[in-house]
Amino acid sequence: MSSSLGLAPEVVRYLADVNPTEHPALARCRVETQKMSNAGMQISAEQGAFMQTIARMIRAKRAFEVGVFTGYSSLATALTLRDVHPLGAHLLACDISEQYTAKARDYWREAEVDDIIELKIAPATETLDQRIAAGRGGSYDLGFIDADKTGYDSYYERGLQLL
């Protein structure tokens, strides 16, 4: 069992015991991605469960994500958005990699949330700027940024306008 953010193994075990069971598509995504050489780019199961808790607590309906990789975080978020809002849930997923997001699309289809995820393959600043220019400012409930670290300031500032 991998951990995140330097959590002690005991804490990770505790979280695994108290968090809801992973959706089968989430578990498959996590296990398959862990076999990749750059698996460290994926969030952990406990981080995904935390994101789901936050989304559920705020009753998020619309979210954006910058940095999809193989789709664990977007899948975790989309599952919760759909549970909270069976009609009208939406996740804007921004990434530049067709290769990695192709894997993500498979997991989204498996979990039957692909219809609420809008994947944009382009630099995230362009996609977020387009949403802002289209008057979508203030229309998102939740944002998650986990992409190239050099772009965080830009993503953050644009994300604030969308929230």
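Analyst: A salt bridge here is a side-chain nitrogen of Lys or Arg within 4 Å of a carboxyl oxygen of Asp or Glu. This is a predicted model, where local features need pLDDT of at least 70, side-chain atom pairs count only at pLDDT 80 or more, and totals for chains, interfaces and linings use all residues. Residues are numbered from 1 along each chain as its sequence is written, and side-chain values use heavy atoms, with hydrogens and water left out.

User: What is the N to O distance in the salt bridge of D129 and R158?

Analyst: Helices are DSSP runs of H or I with at least four residues, strands are runs of E with at least two, and both are numbered from the N terminus. The side chains of D129 and R158 form a salt bridge. D129 lies in helix 6 and R158 in helix 7, so the pair ties together parts that are 29 residues apart in sequence. The N to O distance is 2.6 Å.

User: Is R131 buried or exposed?

Analyst: Buried means under 20% relative accessible area, exposed over 50%, and partly exposed in between (1.4 Å probe, protein chains only). R131 meets E118 in a salt bridge of 2.5 Å, N to O. R131 lies in helix 6 (residues 124–133) and E118 in strand 3 (residues 117–121), so this pair ties together parts that are 13 residues apart in sequence. E118 is partly exposed at 23%, whereas R131, at 13%, is buried.

User: Which residue is linked with R28 and E32 in a network of salt bridges?

Analyst: R28 and E32 both lie in helix 2, four residues apart, about one turn of the helix. An α-helix has 3.6 residues a turn, so residues three or four places apart point the same way. The side chains of E32 and R28 meet at 3.1 Å, N to O. The network that links R28 and E32 also holds E110.

User: How many salt bridges does a search of the whole structure find?

Analyst: Those described above include D129 with R158 and R131 with E118. The search of the whole structure gives a count of ten.

User: Within what arc do the buried residues of helix 2 fall?

Analyst: The buried residues of helix 2 are A25, L26, C29, R30 and T33. They line one face of the helix, because seen down its axis they fall within an arc of 135°. That arc is taken over the directions from the helix axis to the C-beta atoms.

User: Which helices do these buried residues of helix 2 pack against?

Analyst: Contact means heavy atoms within 4.5 Å. The buried residues of helix 2 pack against helix 3, helix 4 (72–84) and helix 5 (98–110).

User: What is the distance of the polar contact between the side chains of S44 and E46?

Analyst: S44 lies in the loop between helix 2 (24–34) and helix 3 (45–57). S44 is buried, at 6% relative accessibility. A polar contact is a pair of N or O atoms within 3.5 Å; within protein, one must be able to donate a hydrogen and the other to accept it, and residues adjacent in sequence count only if both atoms are side-chain atoms. The side chains of S44 and E46 are joined at 3.1 Å.

User: What separates the C-alpha atoms of K61 and A89?

Analyst: K61 sits in the loop between helix 3 and strand 1 (62–66). Leaving aside neighbours within four places in sequence, K61 is in contact with residues including L81, H85, A89 and D141. K61 and A89 are 28 residues apart along the chain, and their C-alpha atoms are separated by 4.9 Å.
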